[in-house]
Amino acid sequence: MTATNQEALAVSEATGRWALFGGTFDPIHIGHLRIAARLRDLGFDKVLLIPNRIPPHRPQPQASGEQRLQMLSLACRELDGVEACDIELLRDDYSYSAITVAALKAQFPKVSFTWVMGQDAWQGFEHWHQPLELLEQANLLVVSRPGLQNTSHWQEQQLELRQRSISQLLASESGTICLQTLPELDISASYLRRAIKQGHNIHFLVPDAVLDFLNQQQLYR
Ligand code: ATP
């Protein structure tokens, strides 16, 4: 299912706590999937994986939106309660998360949303489009990722005001931030793209169905 297919655009009565995990997913890998699985364990009723169409802060993806969505759908088959969502692929404009959250909130007013990102994305969050507006509509969950991390003055201020534990975040409608340590996997999509280009074996770093798709479509060669 995608949350935004045409017949579902009417306001929904759905309830619960949904995690929104956005990214380029060029391609999706086990780092993303382990996070999605842990989000379900932590208590989120649903996890939506949201591929962006035009990422504002990085080069454009190599695989098309359709190819990335297809890889997400193949990967999600193995995970209960984790789904690919095409909401950003359907928009022509930059894929701003604040706009995505506002659109989902309008469609699912009774759901409480948490936007999820890795620690590297949190480093740049203050420069995102309308970060505080995003926090008015959703919580923010930052998951640990290997690498150097700095905390800016803006981040310190926001954490002082909003930082809560994961159980407090799950009980909250919006506006809280949780920094959550999860088992870290030092893997990235850019590593995979490089490895494929160099002809290296990437078995076990993506689901087998995604590997078959990458081979069939000759992606990143
Ligand atoms: P790239 O190498 O192309 O930048 P990526 O592996 O970082 O890709 P993205 O699709 O850009 O993947 O990331 C989507 C989200 O997933 C981001 O919030 C990012 O921080 C997070 N993420 C990706 N890989 C990991 C990982 N191994 N551990 C923790 N978070 C991750």
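Strand S1, helix H1, strand S4, helix H4 and helix H8 each supply at least two residues of the lining of the largest pocket; helices (H or I, at least four residues) and strands (E, at least two) are DSSP runs numbered from the N terminus. The model is predicted, with local features needing pLDDT of at least 70 and side-chain atom pairs pLDDT 80 or more, while totals for chains, interfaces and linings use all residues. Residues are numbered from 1 along each chain as its sequence is written, and side-chain values use heavy atoms, without hydrogens and water.

A pocket is an open set of points on a 1 Å grid over the protein atoms alone, where a 1.4 Å probe fits, with protein on both sides within 12 Å along at least five of seven lines; lining residues have an atom within 4 Å of a point. The largest pocket is lined by 44 residues, and H1 gives the largest share, 5 residues. Gly-22, Gly-23, Asp-120, Ala-121 and Arg-145 lie nearest the centre of this pocket.

The ligand sits in the largest pocket, meaning that more than half of its atoms lie within 2 Å of the grid points. Around the ligand are 22 residues, each with a heavy atom within 4 Å of it. Asp-120, Arg-145, Leu-185, Ala-189 and Ser-190 are the closest.
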